[in-house]
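The questions below go through one predicted model, from its sheet to its helices and cores. Each answer ends on the item asked for.

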Amino acid sequence: MAKRVLVVEDNELNLKLFCDLLRAHDFATEPVRDGREAVERARSFAPDLIVMDIQLPHVSGLELIEQIKRDTALGRTPIMAVTAYAGREDEDRIRAAGADAYVSKPISVARFVAEVSALL
């Protein structure tokens, strides 16, 4: 059975790119455009991995990562942060929130796929 990846990204083009890349590598994907729906969708989809944008409208990806990591049903799910925040301090802050991996935008397709594979 295909591994399941929840993709939380508000930018349509990035969302399509990430989902297309994952599907091309035989992952089942669930796109989420609104971060306010991310936790509930994660609970119903039961992903093997969550790809999380950090800069979302309405709610920060950092807040979502922290919330997911505290959740008893989702807390062990690996999270890969994908963000335009590219400074060393940004990566440290994102990892401190609970992200298991970090990829900066614009993404390298090879690095994106390698990070996903390493987490699964």
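Helices (H or I, at least four residues) and strands (E, at least two) are DSSP runs, numbered from the N terminus. Residues are numbered from 1 along each chain as its sequence is written, and side-chain values use heavy atoms, with hydrogens and water left out. In this predicted model, local features need pLDDT of at least 70 and side-chain atom pairs count only at pLDDT 80 or more, while totals for chains, interfaces and linings use all residues.

Q: Just after α2, which residue takes a positive phi?
A: Helix α2 covers residues 38-45. Just after α2, a positive phi of about 50° is found at A46.

Q: Which residues of helix α2 are exposed on the face turned away from its buried side?
A: Buried means under 20% relative accessible area, exposed over 50%, and partly exposed in between (1.4 Å probe, protein chains only). In α2 the buried residues are A38, V39, A42 and F45. These cover an arc of only 135° around the axis (taken from the directions from the helix axis to the C-beta atoms), so they sit on the same side of α2. The face turned away from that side carries the exposed residues E40 and S44.

Q: Which elements do the buried residues of α2 pack against?
A: Contact means heavy atoms within 4.5 Å. The buried residues of α2 pack against β1 (4-8), β2, β3 (49-53) and α3 (61-70).

Q: Which strands stand at the edges of the sheet?
A: Two strands pair if DSSP finds at least two bridges between them. The sheet is open, with five strands in the order β2-β1-β3-β4-β5 and parallel pairing. Each edge strand has a single partner, so one side of each is left without a neighbour in the sheet; the edge strands are β2 and β5 (101-104).

Q: At what angle to β2 does helix α1 run?
A: Axes are lines fitted to C-alpha atoms, for helices over the stretch in contact, and angles run from 0 to 180 degrees between N-to-C directions. Helix α1 (residues 12-24) lies across β1, β2, β3 and β4, and its angle to β2 is about 170°.

Q: Is A28 buried, partly exposed or exposed?
A: A28 lies in strand β2 (residues 28-32). Not counting residues up to four places away in sequence, A28 touches A2, K3, R4, V5 and F45. Its relative accessibility is 27%, so A28 counts as partly exposed.

Q: Which residues touch the most other members of the largest nonpolar core?
A: A nonpolar core is a set of buried Ala, Val, Leu, Ile, Met, Phe, Trp, Tyr and Cys residues joined through side-chain atoms within 4.5 Å. The largest one has 23 residues, and those touching the most other members are V8, I50 and M52.

Q: Why is the aromatic pair of F18 and F112 called stacked?
A: Rings of Phe, Tyr and Trp (its six-membered ring) pair if their centres lie within 6.5 Å; planes under 30 degrees apart count as stacked, over 60 as edge-to-face and the rest as tilted. The structure holds one aromatic pair. The ring centres of F18 and F112 are 5.1 Å apart, and the pair is stacked because the planes lie at 15°.
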